[in-house]
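Please open the model in your viewer and keep the selection tool at hand, as this tour moves from one selection to the next.

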Amino acid sequence: MRNRPSALALALASLVPFSALAQDAGEGMFSFSGYGTLGAVRNSENHADFVPTQGTIGAGYTHMWSTTPDTRLAAQVDARFTDKFSAVLQVLSEYDALGSYEPQVELAHVKYAFTPALQVRAGRFTAPIFMLSEYRKVGYAMPWVRPPVEVYDTAVTIDGGDASYKFNVGDVALSVQVSAGSSDEKTFKLHDARTLALRAEFGSSTLFGSYSTAKLDSITTPLLALYQGPLAPLADTYAIEGDDLEFASFGYAYDPGTWFARGEITRTSGEVNLLPKLTNAYVSAGYRIGQFTPYATLGSVQVDSETSIGARDPIGVINAGLASTNGELKSATVGARWDFRENVALKAEYAHVDVPTGSNGGLVNRQPTFKTGQNYDLLSLSLDFVF
């Protein structure tokens with residue numbers, strides 16, 4: 001694994017030519033920006049690790065305090081060639097699914113605006129599956145240390161194209177976005193990924209909904225090869241190879257300025273396999289008092305698919321795989337954000353996670369001494385900045 005300073009230096013070095021070009025090309029055509037988070041989280045469970053979205057290790061067993069779950073640095077170049085034609089390149093360094101901070105191209109697309117209301121993009125962009133998809137990694141853009149992991153438990157970038165159209169109906173501002181493409185997230189791949197997202201804004205309210213379909217390939221345990229002869233169809237059923245996947249989300253936010261309330265609910269469904277089918281949700285509210293924003297959040301993860309097929313699995317590999325997908329939990333979080341200087345925010349939050357019997361509570365890197373159904377607590381600190 002590469003050490004962090006080298007990786008971050010590489011991330012910035014990769015943008016040097018673009019920054020220099022921006023200066024040479026004249027003011028206004030290119031702009032440079034970025035964001036980052038220095039984060040640390042402590043997990044009271046010391047037989048497994050807390051990892052919000054990706055990574056092989058985190059807080060708990062590997063390190064009581066860990067910086068890997070939330071620390072990241074991103075640099076972005078925006079190019080505006082004409083009033084209608086523009087491009088974006090963003091390189092991000094964060095702890096990834098392969099246990100590396102190696103910088104990755106997070107965004108790389110060109111955009112053409114036929115009109116101020118109608119635009120198309122081609123390249124790599126964030127799939128519009130969540131209400132905060134575009135900003136889910138920009139800690140400064142949100143009140144929490146991290147977006148509620150009960151819903152924002154995955155991050156998907158799409159290589160393909162999308163189109164969006166904005167229009168008004170009375171006092172309601174509407175936008176429609178469609179996207180299509182594929183994604184390689186290292187631990188899984190999506191093919192023929194298509195999303196329809198709708199957003200409506202009126203007064204202080206925002207409504208959001210999305211529906212996505214895709215073909216999913218994932219890294220499935222090679223132990224399924226043990227299922228031979230009459231058991232082979234059982235292994236084929238639970239292997240994740242080109243399986244249909246559906247994802248739907250709905251969210252509502254109310255933000256009159258001095259306070260906010262928001263919530264989202266998502267549902268994952270599709271073919272029977274080792275991928276859990278989930279209903280995820282959170283509600284959160286906060287109040288802005290000068291530089292301080294205290295907030296509270298409730299979250300839940302419900303597993304809708306089977307976590308065991310019992311005696312139908314005489315070998316036990318499938319039952320073990322299904323049991324590992326049981327990450328049901330309910331959480332309660334309180335925290336506060338302090339905007340102590342321009343473009344910089346300090347946050348702290350405490351979360352209690354209630355884990356039902358049989359569930360691993362969404363923890364990874366579980367050790368032989370780990371026991372399911374054990375509650376745990378998280379204490380998180382972060383320093384978020386944009387530049």
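A residue is called buried when its relative accessible area is under 20%, exposed when that area is over 50%, and partly exposed in between. Keep in mind throughout that this is a predicted model.

Begin by selecting Arg 337 and Asp 339, which form a salt bridge whose closest N and O atoms are 2.9 Å apart. Asp 339 has 23% relative accessibility and therefore counts as partly exposed, whereas Arg 337, with a relative accessible area of 9%, is buried. By the rule used here, the count of salt bridges comes to 14.

Next, select Arg 121 and Glu 134, a salt-bridged pair in which the closest N and O atoms are 3.7 Å apart. This pair links distant parts of the chain, with Arg 121 in strand 8 (residues 118–126) and Glu 134, 13 residues apart from it, in the loop between strand 8 and strand 9. Arg 121 is buried at a relative accessible area of 12%, while Glu 134 is partly exposed at 39%.

Then move to Arg 288 and Asp 255, which form a salt bridge with their closest N and O atoms 3.0 Å apart. Arg 288 lies in the loop between strand 15 (278–287) and strand 16 (292–303), and Asp 255 in the loop between strand 13 (241–254) and strand 14 (259–270), so the pair ties together parts that are 33 residues apart in sequence.

For the surface, select Phe 81, Phe 85, Val 110, Tyr 112, Phe 114, Leu 118, Tyr 165, Phe 167 and Val 169, which make a nonpolar patch of about 750 Å². Which strand gives the most to the nonpolar patch? Strand 9 does, with 3 residues. Val 110, which lies in strand 7, counts as partly exposed at 37% relative accessibility.

The largest cavity holds about 200 Å³ of space and is lined by 20 residues, of which Thr 53, Arg 72, Arg 136, Arg 146 and Pro 147 lie nearest its centre. By class, its lining has 9 nonpolar, 4 polar and 7 charged residues. The second largest cavity has a volume of about 70 Å³, and its lining residues include Thr 53, Arg 72 and Glu 94.

Technical notes
Residues are numbered from 1 along each chain as its sequence is written. This is a predicted model: local features need pLDDT of at least 70, side-chain atom pairs count only at pLDDT 80 or more; totals for chains, interfaces and linings use all residues. Side-chain values use heavy atoms; hydrogens and water are left out. On a 1 Å grid over the protein atoms alone, a cavity is a set of points where a 1.4 Å probe fits but cannot get out, and a pocket is an open set with protein on both sides within 12 Å along at least five of seven lines; lining residues have an atom within 4 Å of a point. Grid points are joined across faces, edges and corners, and a volume is the space filled by probe spheres set on the points. Ala, Val, Leu, Ile, Met, Phe, Trp, Tyr, Cys and Pro count as nonpolar, Asp, Glu, Lys and Arg as charged, and the others, Gly among them, as polar. Patches are made of residues with over 30% relative accessible area and no salt bridge: like charges are joined within 9 Å, nonpolar side chains (Val, Leu, Ile, Met, Phe, Trp, Tyr) within 5 Å. Accessible areas come from the Shrake-Rupley method with a 1.4 Å probe; for residues, only the protein chains shown count as cover. A salt bridge is a side-chain nitrogen of Lys or Arg within 4 Å of a carboxyl oxygen of Asp or Glu. Helices (H or I, at least four residues) and strands (E, at least two) are DSSP runs, numbered from the N terminus. Buried means under 20% relative accessible area, exposed over 50%, partly exposed in between (1.4 Å probe, protein chains only).
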